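User: I am new to this structure and would like to learn how to read some of its features. Could you take me through them one at a time?

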Amino acid sequence: MLAILVILLLAGCQILNNDSPTWYGYVVGADRRIYMVNLASGELVWISRVLDEVGLILDTIDISDIDIHPEESILYISSEDYVGRRDYVPIVAVRLNATADPMFQIPMDHPSGMVSNGHSAILNSAANHLYAGFYKGDARFVILDPVTGEKIGSLDTVIREPARFSPDGTKMLRVDRRRNDAPEGEDYQYSAVVVIQEVESGEVVSRIELKSNPGRYPSWGVPGDYIVKYRGPYSNSTIEVYDKMNGKLLNSYGIVETFDSYPTQFYATHIPATGNVAMSMGGSVIVFDPLTAEVITRTNIGVRLSEVVVTDKPLMVHPPSL
């Protein structure tokens with residue numbers, strides 16, 4: 001019995017001594033560099049080379065979307081042009097190592113003719129698909145192999161960030177809000193509604209009003225304790241925080257008034273196992289508690305930034321000193 005107790009005690013100590021993972025945030029700047037931030041400390045860990053593959057970023061070209069393949073350490077970068085230029089690469093995939101090695105590119109003049117202007121790059125890791133939009137034809141997205149960039153098919157369903165996919169990759173989730181009736185003279189109250197759709201057809205499978213269906217939020221949806229929703233318009237954008245159990249609105253606050261910065265990201269990136277979220281705002285990466293809006297870290301980078309994507313894997317090769 002004593003031996004068993006000792007083993008249990010040692011096992012418990014080992015669990016307590018195991019460090020929690022370090023979460024890193026990646027953003028891409030308008031200067032065509034990747035920035036890697038330690039989200040817990042706010043330290044700027046690494047800056048990549050200039051990504052010539054993305055092409056010259058002028059007033060008419062902007063980074064429109066990024067996504068990350070954590071298992072393969074691949075960053076997908078999409079950009080868009082506002083005046084019809086053709087001398088840039090709208091979809092670029094790079095390896096997250098010290099030299100940011102290019103993996104594949106989908107240029108405007110790709111032989112398949114599959115990419116036109118107005119782009120996004122969204123990974124469905126469960127289905128092993130990368131959705132790159134928009135397609136030159138009836139479909140909205142090209143389906144690519146996320147490692148090779150090979151074209152697999154096309155998709156007409158609208159997929160937007162932040163996309164949450166089911167464990168088998170066939171369904172996706174979004175959160176809407178419902179305005180509830182209020183007694184005369186009182187402000188309207190809002191609650192969260194969970195909408196689940198088929199990825200392939202876009203058909204709505206279920207629409208769950210959490211207020212009347214408490215506890216029905218699917219386990220594969222947004223991580224963390226709360227549903228965090230961005231609402232525009234840009235100049236008057238807000239963060240809304242809902243209870244995941246019953247959909248009740250817990251807090252709402254203006255981004256500019258709260259963080260003294262305009263957002264360059266239009267959703268909140270959850271940082272797993274922390275309860276915190278990250279967003280790019282005003283040339284900085286800001287980590288904050290979504291319920292209280294308390295700023296945990298603020299990393300000033302000083303250029304316009306893409307959204308933040310998160311992984312607990314460091315660079316594949318240890319980065320050089322800054």
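User: How many salt bridges does the structure hold?

Analyst: The general idea is that side chains of opposite charge can pair when their charged atoms come close. In this structure, which is a predicted model, there are eight salt bridges. One of them joins the side chains of Asp52 and Arg32, with a distance of 3.8 Å from N to O.

User: Where in the chain do Asp52 and Arg32 lie?

Analyst: The two residues are 20 apart and link distant parts of the chain, since Asp52 belongs to the loop between β3 (44-47) and β4 (61-69), while Arg32 belongs to the loop between β1 (24-28) and β2 (34-38).

User: Is Asp52 buried or exposed, and is Arg32 buried or exposed?

Analyst: Asp52 has a relative accessible area of 55%, so it counts as exposed, whereas Arg32 has a relative accessible area of 17% and therefore counts as buried.

User: Which residue forms a salt bridge with Arg207, and where do the two partners sit?

Analyst: The partner of Arg207 is Asp176, and their closest N and O atoms are 3.6 Å apart. This pair also links distant parts of the chain, with Arg207 in strand β15 (residues 204-209) and Asp176 in strand β13 (residues 171-180), 31 residues apart. Arg207 counts as partly exposed because its relative accessibility is 48%.

User: What is the case for Glu240 and Arg231?

Analyst: Glu240 and Arg231 form a salt bridge in which the closest N and O atoms are 3.7 Å apart. Glu240 is buried, at 4% relative accessibility, and Arg231 is partly exposed, at 27%. Elsewhere, salt bridges with shared partners join Arg174, Asp176 and Arg207 into one network.

User: How many cavities of 30 Å³ or more does a search of the whole structure find, and which residues line the largest cavity?

Analyst: The search finds one cavity of that size, and its volume is about 40 Å³. The lining consists of Tyr26, Ile68, Pro70, Ser73, Leu96, Thr311, Lys313, Pro314 and Leu315, which by class are six nonpolar, two polar and one charged residues.

Terms used: Residues numbered from 1 in each chain as written. Predicted model: local features only at pLDDT ≥ 70, side-chain atom pairs only at ≥ 80, totals over all residues. Heavy atoms only, no water. 1 Å grid on protein atoms, 1.4 Å probe; cavity = no way out; pocket = protein on both sides within 12 Å on 5 of 7 lines; lining within 4 Å. Points joined across faces, edges and corners; volume = space filled by probe spheres on them. Nonpolar A, V, L, I, M, F, W, Y, C, P; charged D, E, K, R; others polar. Salt bridge = Lys/Arg side-chain N within 4 Å of Asp/Glu carboxyl O. Helix = DSSP H or I, 4+ residues; strand = E, 2+ residues; numbered from the N terminus. Buried < 20%, exposed > 50% of the residue type's maximum accessible area, 1.4 Å probe, protein only.
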